Amino acid sequence: MYRLCIASFEPKLWKKDLAILKKKHKDDFEPYWQDEKDWLCIVEFLPTDNPEARLFAADIIGYLVGYANLTNTRSLALLGDPEASAYELLFSFSSPGEKNEFLNLVRSNEDMGKDYIIEFTPPTAEEIRNARSLAAVLPHDALTHAVLIAATLCAGTEDDRAVS
């Protein structure tokens, strides 16, 4: 049984608290990841006029996000070219071993393979600074599909670990 909880209080705001509320935090935001050293970037296109190609690209993003989660890799995104529906996906690695594991997982994917690896490039400092969470950048439909792929991929791996 759930009980209704009603709290009543009168907040006390100090002048310095009010000053914080007036700031535009979006403009003051300093991404904490900008000092990380080992990055890779890939561009994926999410075309609006080709549902099949959009779904395939969302699959690829899902695999990349899943591999990032499996290897303790930060994944961020940036709108590359709005007219081309191009999105840059940035990956930051905490160790060379995790980077190699990530790349090996990409190589092992039949839809990406060895040729996909050569598409990765280091992002610029500005791209790293401007990158945001996937949810803040990717279109909702593509993000939802990609997250489902990533979750399924990670859940399958977790099941395998539990058995062994």
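Me: Which residues does Leucine 64 touch, not counting residues up to four places away in sequence?
Reply: The model is a predicted one, and contact here requires heavy atoms within 4.5 Å. With residues up to four places away in sequence not counted, the partners of Leucine 64 are Ile42, Leu89, Phe91, Phe102, Val106, Met112, Tyr116 and Phe120.

Me: How many residues has the largest nonpolar core?
Reply: Leu64 is among the residues with the most contacts inside this core, together with Leu89, Phe91, Phe102, Val106 and Phe120. The elements that give two or more residues to the core include strand 1 (38-45), strand 3 (86-93), helix 4 (96-108) and helix 8 (140-163). The size of the largest nonpolar core is 32 residues.

Me: Which element gives the largest share of this core?
Reply: Among the elements that supply two or more residues are helix 3 (51-70), helix 5 (113-117) and helix 7 (134-137). The largest share amounts to 9 residues, and its source is helix 3.

Me: How many residues are in the other core that lies apart from it?
Reply: Trp39, Leu76, Leu90 and Ile128 are among the members of this other core. Its size is 7 residues.

Me: At what angle do helix 3 and helix 4 pack?
Reply: Helix 3 passes helix 4 in a right-handed crossing. The axes of the two helices lie 9 Å apart, and the angle is about 145°.

Me: How many residues of the contact of helix 3 with helix 4 are charged?
Reply: Helix 3 contributes Leu64, Tyr67, Ala68 and Leu70, while helix 4 contributes Glu101, Phe102, Leu105 and Val106. The residues of this contact include 7 nonpolar and no polar ones. Glu counts as charged, and the number of charged residues is 1.

Me: What is the order of the strands in the open sheet?
Reply: The sheet has 3 strands with antiparallel pairing. Strand 1 and strand 2 (74-81) each pair on one side only, so they are the edge strands. The twist from one strand to the next averages 25°. The order is 1-3-2.

Me: Which residue of strand 3 stands opposite leucine 40?
Reply: Strand 1 and strand 3 pair in the antiparallel sense over 8 bridges. The residue in strand 3 that stands opposite leucine 40 is phenylalanine 91.

Me: Which strands does helix 3 touch as it packs on the sheet?
Reply: The direction of helix 3 makes about 160° with that of strand 1. Helix 4 also packs on the sheet, touching strand 1 and strand 3, and its direction makes about 140° with that of strand 3. Helix 3 touches strand 1, strand 2 and strand 3.

Definitions and conventions:
Residues are numbered from 1 along each chain as its sequence is written. This is a predicted model: local features need pLDDT of at least 70, side-chain atom pairs count only at pLDDT 80 or more; totals for chains, interfaces and linings use all residues. Side-chain values use heavy atoms; hydrogens and water are left out. A nonpolar core is a set of buried Ala, Val, Leu, Ile, Met, Phe, Trp, Tyr and Cys residues joined through side-chain atoms within 4.5 Å. Buried means under 20% relative accessible area, exposed over 50%, partly exposed in between (1.4 Å probe, protein chains only). Helices (H or I, at least four residues) and strands (E, at least two) are DSSP runs, numbered from the N terminus. Axes are lines fitted to C-alpha atoms, for helices over the stretch in contact, and angles run from 0 to 180 degrees between N-to-C directions. A crossing is left-handed if the near helix is turned anticlockwise from the far one by less than a right angle, and right-handed if clockwise. Two strands pair if DSSP finds at least two bridges between them.
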